[in-house]
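Hi everyone, thanks for coming. Let me walk you through a structure that may be new to you.

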Amino acid sequence: MSGELLWWLNLLVGVGIFTLLAVSLNLINGFAGMFHLGHHGFWAMGAYAAAWLTRECAGSLPGPLLYVATLGFGMAVAAAGGLAVGIPCLRLRGDYLAIATLGFAEIVRIAIQNLPQETLGGSLGMPVARVLMAVGPDTMVAFRGLTLLIATAACSLVILLIRNYIRSAQGRRLLAVAQDETAASLLGIDPTRPKVVAFVLGASVAGLAGALFAHFQGFITPLDFQFMEMVKMFLIVVLGGMGSLSGCVVGAFLVIATEQLLNRAPEAIAEWWQVEFPLLLALMIVFRPQGIFGRREIGDLFRRKARA
Amino acid sequence: MSDPLFRTEGLTKRYGGLTAVSRVRLELREGELVGLIGPNGAGKTTCFNLITGADLPTEGCIRLRGADVTGTRPFHMARLGVARTFQNIRLWKEMSVLDNVRTVCVAGGRSGFWSGVLRLSSYRIAEQSIRERSEALLARMGLEGVAGERAADLPYGDQRKLEIARALALAPRILLLDEPAAGMNPAEKADLMHTVREIRREFALTILLIEHDMKFVMGICERIYVLDHGEEIAHGTPDEIRKDPKVIEAYLGGSAG
Amino acid sequence: MLDYLLNGLGLGAIFAFIALGYTMVYGIIKLINFAHGEFFMVGGFLGFFALRDLGIERLPLPAPLPILLAYFCALTVAALGSGLLAVVTERIAYRPVRRAGRIAALITAVCVSLILQNLAIKAWGADPKAYPDPKVWVDVDDLPARAESNLYARRVATTSTGERVESEERVVVEGEAIDRLRLKSEGRGEVYRKVTIPRETTRGFVILALVLWTPVLWFLVMRTRMGKAMRAVSEDLDAARLMGIPIDRVVAYTFFLGAFVAGVGGVAYCVTYGKIEPFTGFVPGLKAFIAAVIGGIGSIPGALVGGLLLGIAESVVPYMLRDWAGWRAAFAWKDAIAFALLILFLLVRPTGLFGRPLRVKV
């Protein structure tokens, strides 16, 4: 029984983390219209920042306080990364932006691998001390449950924040710039500012997801942040619908659950998951590019008219 | 004689070997309604692009109230009070009609990131005033009934009217209209002529418009510039232009006698 | 320093070969074919199998003809195979998406790339394989009394599961006296010695290939009907279609040509670095794309220049950083340096060296 519960808790925490990644990616790709292929770089930055701070300050701060501090630190580092990448790359056109952001994520990965072992663990990875609570065989359920609670709270807050942002005056400007940047600038809207804001916001949420991930796993390596994870995030966003936040939640659940279930599936199917996932994404993009929800939110299903 | 509100001198634009606009001199006085006409490819829209900062002039200068604003970036130019509509409609198609106008309105109060996200009262007050202004503009253009519709769903004529409403939201001093009557039937055009005169009066605008419909242009413009192959070939009142042999030749390719 | 420069030139020629494929496809259908690196990888694998299994080097011809023929064969197989794969991929994956918009096409390309990589893992295993060194076969009867170098023989064994496993066995050590009778009694009628191709030779070959290929490509693009069709389509696809140009055939031809040269590049790359694995295509593919971007994506001269520049930069910049600026670990970071150079370059010149500057049509 406990094994099943543990499995479910693991799954749901994964859904939570990928929901955070998906909504932030959706903000940048879907709402702001920027083709961004380096989101896993921000995720990695957040995770390693949190891991580093945990190691440096373990013992000098009470556990839970340190935990929260690392979440903030992960967000800040990732946000700085977003600023560093966003500002120069903003005037790049779609395809070029994609390759520039992909290059950035590669730089992050190479940096993590090549920095001296003592700093970030290199290719071998880096352990993350359990500071939230003591974790052992009998407390595993409690640990996962607590992490799930935190992840859920984080998701709710972030989704609320992004939703409010999109519907605010600044959000309208962002959408206008995304749809027609030239027209927007000719009508008095600064085209770069909303994009930078969206990019940095998206990066910091990815950093939050990274910090949560690092603490949950207890050990991180560069292999956790490979390009395949970026594909997973993209699949979630496309599946849920690029203009929909609730779509990200549903999409995250579907994708992560599928991935976990595939691990239990008969060999024949499970072995080929790395072919099946991209295939699924390709089919989706061809036959149902608007995903499940399109631009709608789950609340709209209960209303007749879709929000314009 | 006071300084004109707006002036270009020697405005020139070359693309590689092609000269799109050559030494064009335009002048707008406060409150005027001026037309810019010419055969296709004469360089009219290019002039608009140069004036609004979308393109950089190769030579020449642009003066707003005497100050040199050549090379100003588009969104600064807009903030200085120069608004425009577009020949190929460039509405934000996925957004609602109301939002198209609201987005351009600049809030008087605080519209920063956090005040928006947290819905602080300063934000909500600013939003309220923006909403009121936008709804008034829509009503002015007869679009209040479709405020919640997606901009892409509007009929063509209404889309053109929405473009004007959106430009007005900038509270500009100078309004550039690029073929506002294109695709409209005669009844709509007459309606538009009336509207243009009205908004000029109501919002204290100076208007420069590009149009192909001669009746429309002659009907409302006080002065007209005629371009052909990037050069100004005539300038004057509608009556003068009508009789100008160079204009007739440019349009008809031969003297009408 | 000169050595690094020449290395860079050789590497750059390989990048140029791959970049050509990216740029031609982009010029035609405005798609970044993320899977192009995988065409390169498959070319490398095809060359691997050709070198290992075809046994061309056994042909009774005067040396060094057998080895040259073996490599020629490998290159041909790789190039044709890659080209064919590209045409098939285009037909089943890209043509349906052509109308679906840029993002859809791009995502499909990423997916194809991943699918090909993972299919390669399934088919050939994820572990790197050493690229075969060319072998010079000698009949045992023709052996001298004393071995001038190590001699090897091929051994075929059957595992407990019934699989045939081939391996090589060193039967004579350099300097040893050769016992022909013993060898024959053990059933080894032929042995071979291995020849390692020096770096400079591969380098020289690749550069020479590029130099020879450039006028051929120029001819194909400028003087043949298909080439003119390609250029027309890249200028304005709709107009070209209206003029009766068979778009589907032109696209297939472009894909074939691009992958053809990528296949050549693949074999050259694997010979230079001595190994092949399913992930071989990812990083060089990315770098070749960078090269195409630097040169101005869509521009053929751009791809050539961009490839050479990137190759040189990748060789020389870490060298300079290490020896002149004292950064000892510079070479480990060379990939990151390449990416950083890309980003910096895009800031200064967003459309590349030969790219047409974007004009905003208002």
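**Two helices and a chain contact**

Let's begin in chain C of this predicted model, with helix H1 (residues 2–29) of chain C and helix H2 (residues 36–53) of chain C, which pack at an angle of about 135° with their axes 10 Å apart. How do H1(C) and H2(C) lie to each other? With angles over 145 counting as roughly antiparallel and 65 to 115 as roughly perpendicular, H1(C) and H2(C) are therefore oblique. Their crossing is right-handed.

Now, which residues meet there? From H1(C) we have Ile18(C), Gly21(C) and Tyr22(C), and from H2(C) they meet His36(C), Phe39(C) and Phe40(C). Sorted by class, that contact has 4 nonpolar and 2 polar residues, with no charged ones.

Next, please turn to where chain C touches chain A. Here 33 residues of chain C are in contact with 30 residues of chain A. On the chain C side, the elements giving two or more residues are helix H4 (102–124), helix H10 (282–295) and helix H12 (334–348) of chain C. H4(C) supplies the largest share, 12 residues. By class, this side of chain C has 29 nonpolar, 2 polar and 2 charged residues.

Finally, a word on confidence. Chain C averages a pLDDT of 82, and 95% of the residues score at least 70. Among the elements of chain C, helix H9 (residues 247–273) has the highest mean pLDDT, 90, while strand E4 (residues 164–172) has the lowest, 71. Where pLDDT is low, predicted coordinates should not be read in detail. For the complex, the predictor gives an ipTM of 0.86 and a pTM of 0.84.

How values were computed
Residues are numbered from 1 along each chain as its sequence is written. Chains are lettered from A and ligands numbered from 1 in the order in which they are written. This is a predicted model: local features need pLDDT of at least 70, side-chain atom pairs count only at pLDDT 80 or more; totals for chains, interfaces and linings use all residues. Axes are lines fitted to C-alpha atoms, for helices over the stretch in contact, and angles run from 0 to 180 degrees between N-to-C directions. Helices (H or I, at least four residues) and strands (E, at least two) are DSSP runs, numbered from the N terminus. Angles under 35 degrees count as roughly parallel, over 145 as roughly antiparallel, 65 to 115 as roughly perpendicular and the rest as oblique. A crossing is left-handed if the near helix is turned anticlockwise from the far one by less than a right angle, and right-handed if clockwise. Two residues are in contact if their C-beta atoms, placed from the backbone, lie within 7 Å. Ala, Val, Leu, Ile, Met, Phe, Trp, Tyr, Cys and Pro count as nonpolar, Asp, Glu, Lys and Arg as charged, and the others, Gly among them, as polar. pLDDT is the predictor's confidence in each residue, from 0 to 100.
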